[in-house]
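Trainee: I've got a structure open and would like to learn how to read it. Can you walk me through it?

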Amino acid sequence: MHHEPSSDEWRSWLRTSGPRFLLYARQQTRSESDAEDVLQDALVESWKRADGMPPDALVFATIRRRAIDLARSSDRRSVRELEAGAPDTECFLPDVEEREMQRTLEDAVKSLQPIYREVVTLKIWGGLTFQEIAETTGVPLNTAASRYRYALGGLRDILKGVVL
Amino acid sequence: MSDHDPIEDALQKLRPSEIEPSLMARLSAARPRNEAPEKISAWREVLLRWLLPVATSACVAVGTFAVLERRRAHEPRDTPGSGGASAGSPVPVESQDYLVSARPIGIVVAPNQQPYRIMDVEWLEHETVRTDADGRAHHTATTRREVIPVALEIY
């Protein structure tokens, strides 16, 4: 018997944290429908495992594991190859005033290799610590931190003259 | 890493897209729920806990009584003053029961939560008797019907 969220509690959690989880699910899957399936399963599983509102790190880790399971069950291509094919969806809220800047940033993030984009996503929009990122992605702490620095360096090169 | 890295500041201005209403409805419907045990209404509880066990017991008692009566009716009656079986009375030498049919009637739950399957069972009794008078074997066949409770295994 686990803690059952009330309807309000569940919807409030979906409203506040759902967009960040969906962003990550989209990056980990190949299609919007896969992202939605993975997100739903991960949210429910995480809540049950935590016996209450789960920590964000657990949800991200569950999304990641379920996306890999889905990719493996879909076909035999390597998971990394599948991850590279993230769905082409509007992942961020449009900002009318800075539409051009936003598109440039988004394109720059998308151009990162999956392992770097993943760390940036978990750090910037997931709000995870490097320790949590390391546990979520299954890499050493130093590797997570260095990937993040490397990703920022790459973005800095791409966005030189635009943001800086 | 500096807290004021312009790249990080710019990225943090991007806000993930809201969840579409259709997906929100789907996720809302997926809310984890405890699988509560089936709520048993009061009358159903009375039926399961008391009426059915009592009815079953009554059926078993009636069935047993009927069988005993039938057997008693087939028993050779001693004549007054004979002091036991008469010289020509048949002596059973062999008896075998064959299960003809077993039909489940239903399941009841005893007050101790032990479930029982109530079975309507029909037996065919083959009996061989021999009389002292002619020494020949005689075969008789009678049917017997019982209503019996069979305890179900619970885990």
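Trainee: Let's begin with one residue: in which helix of chain A is the place of Ala61(A)?

Mentor: Ala61(A) sits in helix H3 of chain A; helices (H or I, at least four residues) and strands (E, at least two) are DSSP runs, numbered from the N terminus. Before we go on, this is a predicted model, where local features need pLDDT of at least 70, side-chain atom pairs count only at pLDDT 80 or more, and totals for chains, interfaces and linings use all residues. Residues are numbered from 1 along each chain as its sequence is written, chains are lettered from A and ligands numbered from 1 in the order in which they are written, and side-chain values use heavy atoms, with hydrogens and water left out.

Trainee: Is Ala61(A) buried, partly exposed or exposed?

Mentor: Buried means under 20% relative accessible area, exposed over 50%, and partly exposed in between (1.4 Å probe, protein chains only). Ala61(A) has a relative accessible area of 27%, so it is partly exposed.

Trainee: What about chain A as a whole: how many helices and strands does it have?

Mentor: Chain A has eight helices and zero strands. Of its 164 residues, 47% are buried. Take contact as heavy atoms within 4.5 Å: among contacts in chain A between residues at least 6 apart in sequence, 63% join residues at least 24 apart.

Trainee: Which residues of helix H7 of chain A are buried?

Mentor: An α-helix has 3.6 residues a turn, so residues three or four places apart point the same way. In H7(A), residues 130-137, the buried ones are Ile133(A), Ala134(A), Thr136(A) and Thr137(A). They line one face of the helix, because down its axis they fall within an arc of 165° (the arc of the directions from the helix axis to the C-beta atoms). That set packs against H1, H3, H6 and H8 of chain A. After H7(A) comes Gly138(A), with a positive phi near 75°.

Trainee: Now the interface: how much area do chain B and chain A bury between them?

Mentor: The size of an interface is often given as the accessible area lost when the parts come together. Here, buried area is the accessible area (1.4 Å probe) that two parts lose on being put together, summed over both. Chain B and chain A bury about 3300 Å², with 68% of it on carbon and sulfur atoms. Ile7(B), Leu14(B) and Pro32(B) supply 20% of what chain B buries against chain A, more than any other three residues. The contact involves 24 residues from chain B and 43 from chain A.

Trainee: How many salt bridges does the rule find across that interface?

Mentor: The rule wants a side-chain nitrogen of Lys or Arg within 4 Å of a carboxyl oxygen of Asp or Glu, and it finds four between chain B and chain A. One of them joins Asp5(B) to Arg156(A), whose closest N and O atoms are 2.5 Å apart. On the side of chain B that touches chain A, helix H1 (6-13) and helix H2 (21-29) of chain B are the elements giving two or more residues. H1(B) gives the most, with six residues.

Trainee: And Asp120(B): is it buried or exposed?

Mentor: At 8% relative accessibility, Asp120(B) counts as buried. This residue lies in strand S2 of chain B, residues 115-131.
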